[in-house]
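Q: I would like to learn how to read a few features in a structure of this kind. Please show it, and we can go through them in turn.

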Amino acid sequence: MRIALAQQNYHIGNFEVNTEKIIAAILQAKEQQADLVVFTELCVCGYPPQDFLEFDDFIAACDAAVQTIATHTKGIGVLIGAPCRNEKTEGKDLFNAAFLLEDGAVKGVVHKTLLPNYDIFDEYRYFEPADQWTVLEFRGKKLAVTICEDIWNMGDNPLYRITPMDKLIGQEPDLMINLSASPYNYAQDVVRNSIVKAHTLKYGIPMIYCNTVGSQTEVVFDGGSLVYDNAGNKIKECRYFEEDFYVVELDALFANSSVAAAETPIFFSASAVGLGKNTLQYLSDEKNIEEIYQALVLGIRDYFTKMGFTKAILGASGGIDSALVQALAVDALGKENVWAILMPSQYSTGHSVEDAEQLSRNLGNPYHIFPIKNIYDAFLKELAPVFQDLPFSVAEENIQSRSRGNLLMALSNKFGHILLNTSNKSELATGYGTLYGDMAGGIGVLGDVYKTQVYALARYINRNGEVIPENIITKPPSAELRPGQKDSDSLPDYADLDTILMEYIEGRKGPREIAAMGYDAALVDRILKMVNRNEYKRKQFCPIIRVSYKAFGPGRRMPVVGKYLS
């Protein structure tokens with residue numbers, strides 16, 4: 001039996017395009033004489049469809065797409081993912097399902113058992129879990145078909161009480177197939193390989209794992225579909241961050257003898273991957289930085305493409321965050337589609353303006369200079385009767401930031417450019433940003449990237465020659481909202497800050513646990529209070545491209561008025 005994997009980039013609710021992609025891959029599989037072609041979880045409608053699933057019209061469109069795809073299955077089997085109506089009155093109205101199509105008909109349906117309800121996932125809101133487990137018979141072979149989370153119930157502390165493969169293995173399947181929509185984080189490829197490998201070692205049969213690719217607002221799917229033989233050997237790993245197609249012979253997935261595959265480490269969680277590494281070293285690891293770069297470029301490109309946008313605008317300060325976002329946007333959208341706006345005030349240094357201009361010259365993108373001194377002075381003049389002789393404070397600093405935000409949004413509205421936000425994760429965590437000023441934007445490019453990773457990404461972009469001017473990378477970071485201002489005036493050293501933030505946000509360690517790692521308890525308390533006090537700002541922030549395993553946004557739900565650690 002020849003089996004094809006179709007790793008594709010879908011658009012949520014775009015049934016016409018998704019169906020065309022699926023049919024094109026079916027034709028490609030036929031041309032390569034495949035017997036079966038495997039697609040990904042909820043490929044018909046795109047993942048995650050969220051509350052679209054509550055619209056009967058949306059489900060009807062899914063059903064119609066499945067029927068259209070079925071008309072193209074003459075002589076070939078097709079495994080696709082789509083919502084399936086629950087015929088029972090009890091329970092949720094839908095299942096997350098895999099459909100086996102062949103010769104124009106539905107030959108089998110598998111329902112997802114394990115419905116993730118953590119981090120960015122909220123599947124139990126919509127779907128009923130499976131309560132029956134049966135292999136699919138196809139051309140003399142028994143297929144144990146599972147859907148994404150169904151294979152993730154492994155390790156010493158499993159999240160669920162049932163493991164679908166434990167139910168299916170008694171029916172003596174020949175092959176495991178998993179239709180997946182597994183989001184990216186910079187440990188996910190390691191964990192994903194470990195999970196698939198662990199299954200082949202535990203159950204003694206091969207596995208084909210087909211994962212989606214592409215970005216859906218905050219969530220990036222990295223592809224990396226896998227084929228493992230029955231002895232835990234990786235036969236194929238598809239490309240990351242792009243579409244791919246691969247055909248494998250089933251007979252080739254049975255090794256003649258067991259190998260030493262079980263001796264290599266197996267990880268069941270993203271947090272375990274970085275254990276034993278220095279935190280800063282792990283954050284800026286060369287492999288991780290290259291992947292994060294690709295994820296951010298894909299995230300920007302798909303956000304614009306799927307929303308029907310073409311042009312981006314951003315505020316270019318001459319600092320490293322805006323410089324990195326500008327370079328990423330040029331890579332994602334093309335230099336002609338990125339407009340950099342320089343908005344110096346009387347507190348901006350001359351070299352910052354020169355650095356920002358040099359960056360645009362290096363990248364070849366258009367830029368414009370709008371000095372804000374007159375706008376800022378006009379605000380102060382109007383406020384003078386109320387401000388009187390009160391000393392200069394954060395109020396005056398934020399007027400500058402909001403003046404810039406107003407200019408950027410005016411240009412965005414007038415010319416139809418989408419504003420890219422340039423705030424990084426370290427700043428968002430500590431509240432080092434101005435609501436309706438530098439926190440404005442349509443998409444947060446660096447909101448899940450720590451400051452130390454920002455520097456590492458800048459170095460990565462310069463790996464083949466200077467793109468981001470060296471002075472931007474080496475000068476002390478500053479918001480330049482008052483004379484001689486530096487980030488270090490308000491924030492701890494980024495090396496300490498980012499380490500403590502990661503232990504708290506991703507590691508979910510408490511203050512005593514972090515202090516026990518050798519950090520000053522007062523510093524830990526200060527940082528954690530900054531994080532929790534500024535939740536109200538993050539609640540009003542734009543969507544953030546997710547690259548870590550615990551990002552700000554829908555995957556991290558914290559109360560604004562909580563007392564804990566604030």
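Q: How many of the 16 residues of H4 are buried?

A: Some conventions come with the answer. This is a predicted model, in which local features need pLDDT of at least 70 and side-chain atom pairs count only at pLDDT 80 or more, while totals for chains, interfaces and linings use all residues. Residues are numbered from 1 along each chain as its sequence is written, and side-chain values use heavy atoms, with hydrogens and water left out. Helices (H or I, at least four residues) and strands (E, at least two) are DSSP runs, numbered from the N terminus. Buried means under 20% relative accessible area, exposed over 50%, and partly exposed in between (1.4 Å probe, protein chains only). In H4, 13 of the 16 residues are buried, so the helix is largely enclosed by the rest of the structure.

Q: What span should the 16 residues of helix H4 have?

A: The expected span of a helix is 1.5 Å times one less than its number of residues. For helix H4 (residues 188–203) that gives 22 Å, and its end C-alpha atoms are 22 Å apart, which agrees. Gly204 follows H4 and has a positive phi, near 75 degrees.

Q: How many salt bridges does the structure hold?

A: Side chains of opposite charge can pair when their charged atoms come close. A salt bridge here is a side-chain nitrogen of Lys or Arg within 4 Å of a carboxyl oxygen of Asp or Glu. The structure holds 32 of them. One joins Glu249 and Arg2, at 3.2 Å from N to O. Glu249 lies in strand S14 (residues 244–249) and Arg2 in strand S1 (residues 2–7), so the pair ties together parts that are 247 residues apart in sequence. Glu249 is partly exposed at 35% relative accessible area, and Arg2 is partly exposed at 25%.

Q: Where do Lys373 and Asp377 lie?

A: Both are in helix H10 (residues 373–387), four residues apart, about one turn of the helix. Lys373 is partly exposed at 40%, as is Asp377 at 27%. Elsewhere, salt bridges that share partners join Asp35, Glu102, Lys107 and Arg139 into one network.

Q: In what order do the five strands of the open sheet come?

A: Two strands pair if DSSP finds at least two bridges between them. The order is S17-S16-S15-S18-S19, with parallel pairing. Strand S17 (367–369) and strand S19 (443–444) are the edge strands, each pairing on one side only. Strand S15 (residues 312–315) pairs with strand S18 (residues 418–421) over two bridges, and Ile313 has Leu419 as its bridge partner in S18.

Q: Which aromatic features can be read here, and how many aromatic pairs are found?

A: A pair of aromatic rings is described by the distance of the centres and the angle of the planes. Rings of Phe, Tyr and Trp (its six-membered ring) pair if their centres lie within 6.5 Å; planes under 30 degrees apart count as stacked, over 60 as edge-to-face and the rest as tilted. The search of the whole structure finds 15 aromatic pairs. For Tyr347 and Tyr376, the ring centres are 6.4 Å apart and the planes at 75 degrees, so this pair is edge-to-face. Tyr347 lies in the loop between S16 and H9 and Tyr376 in helix H10, so the pair ties together parts 29 residues apart in sequence. Tyr376 is buried, at 1% relative accessible area. Phe15, Phe52 and Phe58 form one aromatic cluster.
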